[in-house]
Amino acid sequence: MSMLYKKSGVDILEAEKLCYSLGFLGKNFNDFSGEFCHGGLKIFHCCDGIGTKIIPLYEKKYFKTIAIDLVAANLNDLVTKNAKAVAFCDYIAVNKLDSHLVCQIISELQKILKECDCTLIGGETSEMPALLKKGCIDICGFATGIAYSDTSCVEFADGDLIIALKSNGVHANGFSLIRRLFSEGKLSEYEFEKCLAPSFIYYNTVRKLWDNNLIKSAANITGGGIVANLKRIFPDSFSYSLDFSTIPKQNIYEKLYQLCGDEIYCIFNCGVGFCIVADEKNCDCIFDICKSFEPFIFGKVVKNDKTYCCDGFRRRN
């Protein structure tokens with residue numbers, strides 16, 4: 001396997017060591033959003049940023065994309081649970097504060113959150129010239145949701161479908177590698193610009209699936225790729241079989257595979273932005289509700305089978 005991502009500054013193996021070392025924190029630590037109960041309510045909370053994609057987005061003043069990516073990173077995680085997003089906070093760190101530019105980001109963030117019926121309730125801006133390089137900015141979001149029904153007792157069954165929703169390119173993952181490939185001239189200006197497309201926000205659509213009791217579980221496919229993220233939602237007694245040949249073709253992934261080989265499967269979503277586990281009888285309704293994201297059957301749930309079946313890009317016409 002290629003080590004291009006590590007050479008770009010990101011060590012996946014070291015991140016896995018950290019996750020293993022923190023296993024004592026329990027299930028919440030490895031979930032897409034943490035869960036706790038208070039006053040009779042089941043509350044979910046998550047936080048995430050958009051990585052080094054913030055660098056070219058801020059340089060190009062793509063403030064709306066910054067806002068979309070930040071909402072997607074958090075609300076797509078939150079909606080893996082049957083929770084309604086109710087509140088959002090942001091944290092923005094800068095080398096030198098430009099109030100006009102930061103205000104534009106926050107204004108766009110508020111607009112996008114309103115479309116998800118979620119309220120931006122506050123945030124923090126930190127000016128740190130000794131910590132961040134000149135012209136640099138980082139951003140993080142914190143989302144809170146409330147569950148109005150309990151789905152913890154829903155069990156997987158042998159033969160359940162894994163339905164995938166198409167991604168809008170690389171979303172906000174792997175940009176240390178993307179930026180390096182671009183700086184070395186291995187990605188064209190056009191290809192790099194395609195990588196800056198905003199992430200899809202699946203929240204509103206997947207909420208409809210939960211509201212209609214159509215799904216059993218869900219996974220947001222972000223950093224770490226498809227297999228690593230799907231494993232997070234499967235109990236020990238179940239596994240899954242996947243067919244990568246069903247993923248709609250995206251030229252950027254064909255190019256990334258030429259440059260990086262199999263390593264892309266450990267870094268990028270490879271065209272799959274979100275996955276849903278559901279009973280086969282609900283397939284038609286799910287496809288209808290999710291049609292804007294071009295849903296497709298990606299695999300099946302398998303009981304007591306630890307073999308992952310993949311038909312990768314190398315074997316596709």
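Guide: Two strands pair if DSSP finds at least two bridges between them. The strands themselves (E, at least two residues) and the helices (H or I, at least four residues) are DSSP runs, numbered from the N terminus. The model is a predicted one, in which local features need pLDDT of at least 70 and side-chain atom pairs count only at pLDDT 80 or more, while totals for chains, interfaces and linings use all residues. Residues are numbered from 1 along each chain as its sequence is written, and side-chain values use heavy atoms, with hydrogens and water left out.

As for what holds a sheet together, strands pair through backbone hydrogen bonds, either parallel or antiparallel. Within it, I162 stands opposite V277 of β9.

Next come two helices. Two packed helices are described by the angle between their axes and the distance between the axes. For α7 (residues 175-183) and α11 (residues 251-260), the axes come within 12 Å and cross at roughly 80°. The two helices are therefore roughly perpendicular to each other; that word covers angles of 65 to 115 degrees, while under 35 counts as roughly parallel, over 145 as roughly antiparallel and the rest as oblique. The residues in contact (heavy atoms within 4.5 Å) are L177, I178 and L181 from α7, and L256, L259 and C260 from α11. By type, the contact has 6 nonpolar residues, no polar and no charged ones. Here Ala, Val, Leu, Ile, Met, Phe, Trp, Tyr, Cys and Pro count as nonpolar, Asp, Glu, Lys and Arg as charged, and the others, Gly among them, as polar.

An α-helix has 3.6 residues a turn, so residues three or four places apart point the same way. With that in mind, the buried residues of α7 can be read off: F175, S176, L177, I178 and L181. Buried means under 20% relative accessible area, exposed means over 50%, and partly exposed lies in between (1.4 Å probe, protein chains only). After α7 comes G185, with a positive phi near 80°.

Rings of Phe, Tyr and Trp (its six-membered ring) pair if their centres lie within 6.5 Å; planes under 30 degrees apart count as stacked, over 60 as edge-to-face and the rest as tilted. By this rule the count comes to 14 aromatic pairs. One of them joins F244 and Y265 edge-to-face, at 5.5 Å centre to centre with 85° between the planes. This pair links distant parts of the chain: F244 is in the loop between β8 and α11, Y265 is in the loop between α11 and β9, and they are 21 residues apart. F244 counts as buried because its relative accessibility is 6%. Y265, at 19%, also counts as buried. Ring pairs link F244, Y257, Y265, F296 and F298 into a cluster.

Two backbone angles remain. Most residues other than glycine have a negative phi, and most peptide bonds are trans. C270 is not a glycine, yet its phi is positive, near 55°. This residue is found in the loop between α11 and β9, and with a relative accessible area of 2% C270 is buried. E294, also a residue other than glycine, has a positive phi near 50°. Its place is the loop between α12 (283-289) and β10 (296-303). E294 has 41% relative accessibility and so counts as partly exposed.

Key:
Axes are lines fitted to C-alpha atoms, for helices over the stretch in contact, and angles run from 0 to 180 degrees between N-to-C directions.
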